[in-house]
Amino acid sequence: MYPDSFCQSAYAASLREFLSHRHVSKKLKKFIRAIMSIDLAPVDQLLAETYSKFGPRPYAPSSMLIACLLAAFLKVPSITDWVERLRSDVLYARICGWRDCRNVPAVGTFYNFATRLWNLDSPNIRPHVRPKKDVPKAPHGKNKKADTPEDGKVAEELAHWRNASLPAGEPYIRLLRIFQLFL
């Protein structure tokens, strides 16, 4: 389906050569070993529903995810800076799964990938304008403290939220499914 379709064995074989190079830092070798140990082929299947069957063939979602993870790992501040780095350094492009610097996607492709991960039209879950919260009343009298919560109330709330299942319609469900692959 994808031009750079993700094949774990071919990808791992292409990365093994970088592990023996002296010019590759220990930090980057650590990232390469971590990515090689994870099978990212299910990412392509999970995100296939977000791409149209018409139009040009998209970049492989697994390669896009590796690029985003590598950018976060290297602490690159912006997508624009990251695309410039990918286009100037063949090593980073190869780690992400692209053959050379000419195959690196544009900045807009990374933004489109982010919207595919987040299953909602707006970038926020809640609306920007929120209703005012009720302010707790101060205790009456001088040098008085507010009442403490009942014993067990906090533990009860924590137990409730730990055991609650995630609603299916939430926009972050796709991200959770992807990151379950890492766990």
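Is Glu-49 buried or exposed, and what is its relative accessibility? At 63% relative accessibility, Glu-49 counts as exposed (exposed means over 50% relative accessible area, buried under 20%, partly exposed in between, with a 1.4 Å probe and protein chains only).

A word on the model: it is predicted, with local features needing pLDDT of at least 70 and side-chain atom pairs counting only at pLDDT 80 or more, while totals for chains, interfaces and linings use all residues. Residues are numbered from 1 along each chain as its sequence is written, and side-chain values use heavy atoms, leaving out hydrogens and water.

The protein has nine helices and zero strands (DSSP runs numbered from the N terminus: H or I of at least four residues for helices, E of at least two for strands). Of its 183 residues, 30% are buried.

Now to the salt bridges, of which there are two (a side-chain nitrogen of Lys or Arg within 4 Å of a carboxyl oxygen of Asp or Glu):

| Salt bridge | Closest N and O atoms |
|---|---|
| Arg-174 with Glu-49 | 3.5 Å |
| Arg-102 with Asp-100 | 2.7 Å |

Arg-174 is buried, with a relative accessible area of 10%. Arg-102, by contrast, is exposed at 72%.

Arg-174 also has a side-chain polar atom 2.6 Å from the backbone oxygen of Arg-116. Beyond its neighbours within four places in sequence, Arg-174 is in contact (heavy atoms within 4.5 Å) with residues including Leu-46, Thr-50 and Asn-119.

Key: A polar contact is a pair of N or O atoms within 3.5 Å; within protein, one must be able to donate a hydrogen and the other to accept it, and residues adjacent in sequence count only if both atoms are side-chain atoms.
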